[in-house]
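The account moves from the definition of its elements to the overall form and then to local detail.

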Amino acid sequence: MENATPRKKVTAPSILAAKGGPKIKMVTAYDYPTAVIADRAGADIILVGDSLANVVLGHDDTLSVDLDVMIHHTAAVSRANPAALVLGDMPWLSYHVSTADAVANAGRMVRKGGAEALKVEGGRKRLDVIKGILDAEIPVMGHLGLTPQSVHAMGGYKVQGKATEAARDLIRDAIALADAGVFAMVLEGVPSLVAEIITKEVSVPTVGIGAGSHTDGQVLVFHDVLGLHDGHLPKFVRQYARLQDGAIDALSEFFADVEKGTFPLDDETYSMSEEAARALLRDEPRGDAFDAF
Ligand code: KIV
């Protein structure tokens, strides 16, 4: 894989052009090594999601991460220079402010974090700030449905748009976002039928998570797909590996070798010339090491 021909850079316009196929592959990553892995696996979009609050920083919700934390992690992902689009997540309260402040915060994610596009949760309620960010020439991806930053307003992490009127509301939000000029939108935790209708109604790609199979692409959280934790997994997650188990096994082996004294071996050890060693030992106070010679 390492010597494969470099992939063409993915951009917001190329994602927009992917409406209707091929399917868009998106995954989160939060630092340099996870970005390298995601990119080499062929991600179209790497989302530096505020889900890092949960899976990387151990918080219960995404409300605990602020702009500085998101910039820090986005910059680490950018340094991997992925072919995938680097999508930064605007954290809670970074855009629930005046449009001018939201644009300034978005600018920091681009200038300091190296984000190539930004994701903003919410529909018509957030239209003014989304338009402001778009006016600053920053591509925006929308995010509708179960928007985790609204956990308290929603009364928990609940599937959205199950009732007819709520579903219609989501469809109106999606149309408004597309009309405003977002290049794509995430649909999270909505009934499959609602996601299918939105996908047919809007001219921009939809990327689903817990939204069924009719969206233009799919996204999952890196640590969920790879089994890097043993916490709760929502029903829409398919786990493709259990790397936490593999990592624990590998580290246990390392510790066992340390205990047994079988690590490190000679070829894992630096040496010096015999002459330098003899001179050193001659000048040092006599001890066990000297006797060994
Ligand atoms: O933060 C995140 O990981 C997300 C995805 C679940 C879409 O917003």
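Helices, of at least four residues, and strands, of at least two, are DSSP runs numbered from the N terminus. The model is predicted. By that definition, Ser78 lies in helix 4. Ser78 has a relative accessible area of 17% and counts as buried, because the cut-off for burial is under 20%. Apart from residues up to four places away in sequence, Ser78 touches Val86, Gly113, Gly114 and Ala115.

**Overall form**

The protein chain holds 13 helices and 8 strands. Its radius of gyration is 24 Å, well over the 19 Å given by the globule rule for 293 residues, so the chain is more spread out than a compact globule. Along the principal axes, the C-alpha atoms fill a box of roughly 85 × 40 × 35 Å. Buried residues make up 45% of the 293 in the chain. Among contacts with a separation of 6 or more, 57% join residues 24 or more positions apart.

The chain exposes about 15,900 Å², and carbon and sulfur atoms supply 55% of this area. There are 28 positive and 40 negative side chains, and the centres of the two sets lie 9 Å apart.

**Packing of helix 2**

Helix 2 spans residues 32-41, and its buried residues are Thr34, Ala35, Val36, Ala38 and Asp39. Gly42 follows helix 2 and has a positive phi, near 105°.

**Aromatic cluster**

How many aromatic pairs does a search of the whole structure find? The search finds 2. In one of them, the ring centres of Phe254 and Phe255 are 5.3 Å apart and the planes meet at 40°, so this pair is tilted. In the other, the ring centres of Phe254 and Phe263 are 5.5 Å apart with the planes at 90°, so that pair is edge-to-face. Phe254, Phe255 and Phe263 form one aromatic cluster. Each member is partly exposed: the relative accessible area is 36% for Phe254, 48% for Phe255 and 38% for Phe263.

**Backbone geometry**

Most residues other than glycine have a negative phi, and most peptide bonds are trans. The table lists departures from that pattern.

| Site | Feature | Value |
|---|---|---|
| Gly21 to Pro22 | cis peptide bond | omega near -5° |
| Phe263 to Pro264 | cis peptide bond | omega near 0° |
| Asn81 | positive phi | phi near 45° |
| Leu93 | positive phi | phi about 75° |

Where do these sites fall along the chain? Pro22 is in the loop between helix 1 (12-16) and strand 1.

Asn81 occupies the loop between helix 4 and strand 3 (85-89). With 65% relative accessibility, Asn81 counts as exposed. Leu93 sits in the loop between strand 3 and helix 5 (99-111), and this residue is partly exposed, with a relative accessible area of 46%.

Note on methods
Residues numbered from 1 in each chain as written. Predicted model: local features only at pLDDT ≥ 70, side-chain atom pairs only at ≥ 80, totals over all residues. Heavy atoms only, no water. Rg over C-alpha atoms; globule rule 2.2 N^0.38 Å. Buried < 20%, exposed > 50% of the residue type's maximum accessible area, 1.4 Å probe, protein only. Contact = heavy atoms within 4.5 Å. Areas by Shrake-Rupley, 256 points an atom, 1.4 Å probe, with all protein chains shown as cover. Lys, Arg positive; Asp, Glu negative; His and termini not counted. Charge placed at Lys NZ, Arg CZ, Asp CG, Glu CD. Phe/Tyr/Trp six-rings, centres within 6.5 Å; stacked < 30°, edge-to-face > 60°.
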